[in-house]
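This briefing sets out selected features of a protein model.

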Amino acid sequence: MLLESLFAGETFSGRFPNPSFSFLNTIKQYINEEFSEGDPVVVSSQISYFELTRRMKQIRTRIYEDQSLKLYLFPLFESFDMDPDDLYVDLFRLRCVPAGFHMASGSESVLYIHRDPWYANPENQINLWIPITLVKPGAGFAIYPSYFSTPISNNSHLFDYSHWMETGGFQASTHSRLAEKVFPKPDAFPNDPHRFSVSGDFGDYFLFSSHHLHGTEENNQGFSRFSLEIRLVLGEAIRNHRGPKNTDNHSTGTTLFDMKHIKTGEILSQDIIQNYVKSSALL
Ligand SMILES: [Fe+2]
């Protein structure tokens, strides 16, 4: 079964099924409208960071407010053998990575290699990465699969999810306490002969366990990349404590209270969440 393979570290790429294309087309349209003076991948690399942040916020708001958008994803989830009746997701994350962003000061933390669980995400979270515009090989993100079951020394013990939220959360860029934020990273650069780059274009997807060690790559392709990330868990896997073993994550707190049932918007019960968190903690 696909979920079992994901939990074992396998990754999957493919194309959106036709009925799910309305999801992509709508997001593309929002982007085109917000960068209407030209090609969004060019315009977004030329405007100021402040202006880019403002426009991205507008687009994200439209995505969050469009209640019917997620319905188009159901055929995609079903093609993964994932039942939308048991699926929990947090806010869809639309990102724009401008050309040459890695040269700007303060961009280091964006490039940090990490496992999402170091940021208090559940060990069995699955990430669905969706390029909205062309992302050439080397300009997307990299996975270090050799570390899937091998620990790597890191500073995730400094990460506390409640402090993270007090200082602006995941998409903060202007919060007054931004400088206090802890971005977990490995103590030394990983050495993995099997490292590979994830890239793609409109209509593609890439599915992987967020327990994989991974990190954003520099953007040297000469224009921006827009991509969307959907973080999901299956209720059944949380209830039954299924998924990759915690190898090296010492973060505090959990994002599970932010993960909402894709149909009803409800969260898992406090007991179920706390049992899961307890079961995945390192002693
Ligand atoms: Fe990540």
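In what order do the 3 strands of the open sheet stand, and is the pairing parallel or antiparallel? In this predicted model, the order is 6-5-8 and the pairing is antiparallel.

**Open sheet**
- The edges are taken by strand 6 (196-198) and strand 8 (213-216); each has a single partner strand, so one side of each lacks a neighbour in the sheet.
- From one strand to the next, the twist averages 30°.
- Strand 5 (residues 141-144) runs antiparallel to strand 6 and is joined to it by 3 bridges.
- Ile143 has Phe196 of strand 6 opposite it.
- Strands of a sheet pair through backbone hydrogen bonds, whether parallel or antiparallel.

**Helix 2**
- Helix 2 (residues 21-34) has 14 residues, which at 1.5 Å a residue should span 20 Å; the end C-alpha atoms are 20 Å apart, in agreement with that expectation.
- The residues Phe23, Leu24, Ile27, Tyr30 and Ile31 of this helix are buried.
- An α-helix has 3.6 residues a turn, so residues three or four places apart point the same way.
- Asn25, Gln29 and Asn32 are exposed on the other side of helix 2.
- Helix 3 (40-46), helix 4 (49-65) and strand 9 (225-234) are the elements against which the buried residues of helix 2 pack.

**Nonpolar cores**
- The largest nonpolar core comprises 48 residues, of which Leu87, Tyr88, Val89, Leu128, Tyr205, Leu207 and Leu232 touch the most other members.
- Helix 2 makes the greatest contribution to this core, with 5 residues.
- When neighbours within four places in sequence are set aside, Leu87 is in contact with Phe77, Met82, Leu232, Leu234 and Ile262.
- Another core, of 5 residues, lies apart from the largest one; among its members are Tyr119, Ala120, Phe159 and Trp164.
- In soluble globular proteins, nonpolar side chains tend to be buried together.

**Residues with positive phi**
- Asp81, a residue other than glycine, has a positive phi near 70°.
- The loop between helix 5 (74-79) and strand 2 (87-89) contains Asp81, which counts as exposed because it has 10 C-beta neighbours inside 10 Å.
- Ala120, also other than glycine, has a positive phi near 70°.
- Ala120 is found in the loop between helix 6 (108-111) and strand 4 (126-131), and it counts as buried because it has 23 C-beta neighbours inside 10 Å.

Technical notes. Residues numbered from 1 in each chain as written. Predicted model: local features only at pLDDT ≥ 70, side-chain atom pairs only at ≥ 80, totals over all residues. Pairing = 2+ DSSP bridges. Helix = DSSP H or I, 4+ residues; strand = E, 2+ residues; numbered from the N terminus. Axes fitted to C-alpha atoms, helices over the stretch in contact; angles between N-to-C directions. Expected span 1.5 Å × (residues − 1). Buried ≥ 20, exposed ≤ 12 C-beta atoms within 10 Å, placed from the backbone. Contact = placed C-beta atoms within 7 Å. Core = buried A, V, L, I, M, F, W, Y, C linked by C-beta atoms within 7 Å.
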